[in-house]
Amino acid sequence: MRIEHVRLRRISLPLITPFRTSLGIEYERSALVVQVFTADAEGWGECVAGAEPDYSSEYVEGAEDVLLRHLVPPLLAAESVTARTLAPLVAAVKGHRMAKAALEMAVLDAELRSYGRSFAAGLGAVADRVPSGVSVGIMDSLPELIDAVAGYLAQGYRRIKLKIEPGWDIAPVRAVRERFGDDTLLQVDANAAYTRADTRHLARLDSFDLQLIEQPLDEEDLLGHAALARSLHTPICLDESVVSARSAADAIALGACHIVNVKPGRVGGYLEARRIHDVCAASGIPVWCGGMLETGLGRAGNAALAALPNFTLPGDISASDRYFATDITEPFVLRDGHLTVPTGPGLGVTPIPAVLDEVTTTVNELRRR
Ligand code: SMG
Ligand code: MG
């Protein structure tokens, strides 16, 4: 494909309720929507970098800058590009995986749309719907948390993930377990809020039959996670630490995780996400699809990815109304606790122009010269 033109839009989508994690509180989702244009196709991508560089070193303005200065120009200078040939074109740029992932997603979407093939078919999906889990933020009180979880379970969510941090861990887990019983699939996510010195404290979570504890320690502390894995019965899952198929393989070899959270943005795109799926499958490590409060674009791609065979645990792929009153695409809705995997060409969803315009704060265009 010859890319003629790339458009980057900054958008800001208000959240229905603030989302608090050990990293901070988000009131709105600021994202970057990437559009690539060829002579006869158009593709959409979403950059999941947040407003602040707190989940990882990337943040939305930095991602926009590196796209404009360093990632889009080689794409527009190339005679031909596909999702597969994009990575070598931008390999001189170190890191910036979320920015690269957004561009790859848009190229892959344009490519698949031009063949009339869906993301699901392109990635190798084996399911037509995926079980939906929900990530529940840190609350001000236990009654507030119980209310929120009750609401999500009533909607049909298949698994609950509680965000934890020091001071909000054992008590909320105990309260949810006691109130909703042993059949509720329950897991926790610390976003690296603990240290190795918290090992004995974290071992107290072992009494609650959690599916997993996600990223308890610093992203670079693989040996710490390996030591923790030996001390806890609760399975360790890595999120922030896994940035590539290689780092997944290393973490597995070190015994630093039993389960991997796969997020295309974190690892540089859907193609690397699939490689991680494959590496984990070959090692008997189950994976699940994480979330970054995506709009319908990212949700569509993630639903397709989560339909691959080794995605055996419910992901953080909630319905659009978990976060947004109005999504930029047709909303994803919960049906019997599942999201339907789109089957149309490419992502199978497209932003609604009027809604997209309404949430757009800035637009940048780059054209082939
Ligand atoms: O998309 O539902 C979602 C968000 C799920 O908890 C979620 N994501 O560490 O897994 C994670 C967080 C990262 C985003 S909050 C900074
Ligand atoms: Mg996480």
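## A guided look at a predicted model

Let's start with helix α12, which spans residues 296–305: 10 of its 10 residues are buried, so the helix is largely enclosed by the rest of the structure. Its buried residues include G296, R299, N302 and L305. Keep in mind throughout that this is a predicted model.

Which residues come closest to ligand 1? They are S135, K163, N191, L293 and Y323, from a shell of 19 residues surrounding the ligand. Sorted by class, this shell has 9 charged, 6 nonpolar and 4 polar residues. Strands β1 (5–21) and β6 (159–163) each contribute at least two residues to the shell.

| Residue | Distance from a polar side-chain atom to an oxygen atom of ligand 1 |
|---|---|
| N191 | 2.7 Å |
| D239 | 3.1 Å |
| E214 | 3.3 Å |

How much of ligand 1 does the protein cover? On its own, ligand 1 has 440 Å² of accessible area, and the protein covers 97% of that.

### The magnesium ion

Two residues from the table, E214 and D239, turn up again at ligand 2, a magnesium ion. The ion is coordinated by D189 (OD), E214 (OE) and D239 (OD), at 2.1 to 2.3 Å. Along the sequence, these donor residues follow the spacing D-x24-E-x24-D. E214 belongs to strand β8 (residues 213–214), while D239 is in the loop between β9 (236–238) and α9 (245–253), so the pair ties together parts that are 25 residues apart in sequence.

Are E214 and D239 buried or exposed? E214 has a relative accessible area of 0%, so E214 is buried. D239 also counts as buried, because its relative accessibility is 0%.

Follow the chain onward from β8 and you can find D221 in the loop between β8 and α8 (222–231). With a relative accessible area of 16%, D221 is buried, since the cut-off for that word is under 20%. What does the side chain of D221 contact? One partner is the side chain of R196, in a polar contact of 2.6 Å. The D221 side chain also reaches the backbone nitrogen of G224, at 2.8 Å.

Helix α8 itself contains A227. A227 has a relative accessible area of 29%, so A227 is partly exposed.

For a second pair, turn to helix α2 (residues 83–89), where you will find A87. A87 is partly exposed, with a relative accessible area of 48%. How far apart are A87 and E104 in sequence and in space? They are 17 residues apart in sequence and 8.0 Å apart in space, again from C-alpha to C-alpha.

Definitions and conventions: Residues numbered from 1 in each chain as written. Chains lettered and ligands numbered in written order. Predicted model: local features only at pLDDT ≥ 70, side-chain atom pairs only at ≥ 80, totals over all residues. Heavy atoms only, no water. Near = heavy atom within 4 Å. Polar contact = N/O pair within 3.5 Å; in protein donor to acceptor, adjacent residues only side chain to side chain. Areas by Shrake-Rupley, 256 points an atom, 1.4 Å probe, with all protein chains shown as cover. Helix = DSSP H or I, 4+ residues; strand = E, 2+ residues; numbered from the N terminus. Nonpolar A, V, L, I, M, F, W, Y, C, P; charged D, E, K, R; others polar. Donors = N, O, S within 2.8 Å, 3.2 Å for Na, K, Ca; no water. Buried < 20%, exposed > 50% of the residue type's maximum accessible area, 1.4 Å probe, protein only.
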